[in-house]
Amino acid sequence: WLNQRMLLSNLGVLATAPGGVARLRELILTLAVQGKLVPQDPSDEPASKLLTKIRTEKDRLIAEGKIKRGKPIAGIAEERPFELPRGWCWTHVADICSMLTDGEHVTPHRCADTTAIPLVTAKNVRHEVMDYTVTDFVPFDVAEKCWQRCKPAVGDVLMVSVGATLGRLCVLRDAVDMVLVRSVSVLRPMQLGVIPDFLARHLMSPGTQREIWGEVKQSAQPCLYLAKSAALKIALPPLAEQSRIVTRVEELMRLCDALEAKGRPEA
């Protein structure tokens, strides 16, 4: 794993280069998902056992009719993006999520009532945050029909799947009833084995973003189909290490925020 003091001692130098803070953020995410940001702990339960637990729980939920069985995905190809630390496993998004779907493919009937249910599109999914300042609304009875397809919940990862901001995402942190359109996908990580913020950071990492854009269908506008989202590769660490990674990334991103603010000219 990377010597943290080395990274910290070079933060200021890296940040002063043109576009330095943005590149620094990318470096932090790359190191995080490659297992080079925090040390491994041999006492952590390995990700292979975690995946077994996830599969067992998914089978139980499928048998109870609580979730749907996804389409089978081919195994991880021999050509892997990088070498994993001990205790980690390669897997796919679909293998670690209980739900992976997108919003309504036909825009639902809208209404002028601003107390009705927000209709969320790609423009509402900002980088790491939801923005409801500009939104349309749908009547409650329309929303109820849409929720048969999907109803986002706290802890879900919402990701733009159509348009120029494809791949932009955030974790849903507030319990807000909403209806999604097709340009937004929902990824619901399995609670017993995947921390939503770890999955979000992995999806934000440069390597996964390249994979996302590499799978894009080049039509009138960029589009990432669900089958391609399902097959995105995830380097899964033990659960305890996921938690350490998320904490460390948050600390370093706050340092980046401070460096960015320091570099801005006074208003």
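Biologist: Which residues of α6 are buried?

Modeller: In this predicted model, the buried residues of α6 are Asp 197, Phe 198, Leu 199, Ala 200, Arg 201, His 202, Leu 203 and Met 204.

Biologist: What makes α6 largely enclosed by the rest of the structure?

Modeller: A residue is buried when its relative accessible area is under 20%. Eight of the nine residues of α6 are buried, so the helix is largely enclosed.

Biologist: What does α6 pack on, and which strands does it touch?

Modeller: First, the sheet itself. It is an open sheet of four strands in the order β2-β10-β7-β8, with antiparallel pairing.

Biologist: Why are β2 and β8 said to stand at the edges?

Modeller: β2 (97–102) and β8 (169–171) have a single partner strand each, so one side of each is without a neighbour in the sheet. From one strand to the next, the twist averages 15 degrees. As for α6, this helix packs on the sheet and touches β2, β7, β8 and β10. The direction of α6 makes about 170 degrees with that of β8.

Biologist: How do you know that β7 and β10 pair?

Modeller: Pairing needs at least two bridges between the strands. Strand β7 (residues 157–160) is joined to β10 by four bridges, and the two run antiparallel. Met 159, for instance, has Ser 185 in β10 as its bridge partner.

Biologist: Why are α6 and α7 called roughly perpendicular?

Modeller: Helix α6 (residues 196–204) packs against helix α7 (residues 206–214) at an angle of about 65 degrees, and the axes are 5 Å apart. The perpendicular class covers 65 to 115 degrees, and that makes α6 roughly perpendicular to α7. On the α6 side the contact is made by His 202, Leu 203 and Met 204, and on the α7 side by Pro 206, Thr 208, Gln 209 and Ile 212. Four of the contact residues are nonpolar, three are polar and none is charged.

Biologist: And how are α2 and α9 placed relative to each other, and what makes you say so?

Modeller: Helix α2 (residues 20–33) and helix α9 (residues 239–263) pack at about 175 degrees, with axes 10 Å apart. Angles over 145 degrees count as roughly antiparallel. The two helices are therefore roughly antiparallel to each other. α2 contributes Val 21, Leu 24, Arg 25, Ile 28, Leu 29 and Ala 32 to the contact; among the residues from α9 are Ile 245, Val 249, Leu 252 and Met 253. The contact residues of this pair divide into eleven nonpolar, no polar and three charged.

Biologist: Which residues have the most contacts inside the largest nonpolar core?

Modeller: That core has 50 residues, and those with the most contacts inside it are Ile 28, Ile 96, Val 157, Leu 199, Leu 203 and Val 249. Another core, of 14 residues, lies apart from it and includes Met 130, Leu 158, Val 160 and Met 178. Leaving aside neighbours within four places in sequence, Val 249 is in contact with Ile 28, Leu 29, Ala 32, Leu 37 and Arg 201.

Biologist: What makes both faces of β3 count as covered?

Modeller: In strand β3 (residues 117–120), Ile 117 and Leu 119 lie on one side, Pro 118 and Val 120 on the other, and all are buried.

Biologist: How do you know that β3 pairs with β6 and with β9?

Modeller: The requirement is at least two bridges. β3 and strand β6 (residues 136–138) have three, in the antiparallel sense, while β3 and β9 have two, in the parallel sense. Phe 137 in β6 is the bridge partner of Pro 118, and Val 179 in β9 stands opposite Leu 119.

Biologist: Why is Val 181 called buried?

Modeller: Its relative accessibility is 9%, and the limit is under 20%, so Val 181 counts as buried. Val 181 lies in the loop between β9 and β10. Val 181 and Glu 104 are 77 residues apart in sequence, yet their C-alpha atoms are 4.5 Å apart.

Biologist: Why does Ser 183 count as buried, and why is Glu 128 called partly exposed?

Modeller: Ser 183, in the loop between β9 (179–180) and β10 (184–189), has 14% relative accessibility and so counts as buried. Among the residues it touches are Thr 121, Met 159 and Val 162. Glu 128 has a relative accessible area of 31%. Partly exposed lies between the buried limit of 20% and the exposed limit of 50%, so Glu 128 is partly exposed. Glu 128 is in the loop between β4 (125–126) and β5 (129–130), and its phi is near 70 degrees, a positive value in a residue other than glycine.

Conventions:
Residues numbered from 1 in each chain as written. Predicted model: local features only at pLDDT ≥ 70, side-chain atom pairs only at ≥ 80, totals over all residues. Heavy atoms only, no water. Buried < 20%, exposed > 50% of the residue type's maximum accessible area, 1.4 Å probe, protein only. Core = buried A, V, L, I, M, F, W, Y, C linked by side-chain atoms within 4.5 Å. Contact = heavy atoms within 4.5 Å. Axes fitted to C-alpha atoms, helices over the stretch in contact; angles between N-to-C directions. Parallel < 35°, antiparallel > 145°, perpendicular 65-115°, else oblique. Nonpolar A, V, L, I, M, F, W, Y, C, P; charged D, E, K, R; others polar.
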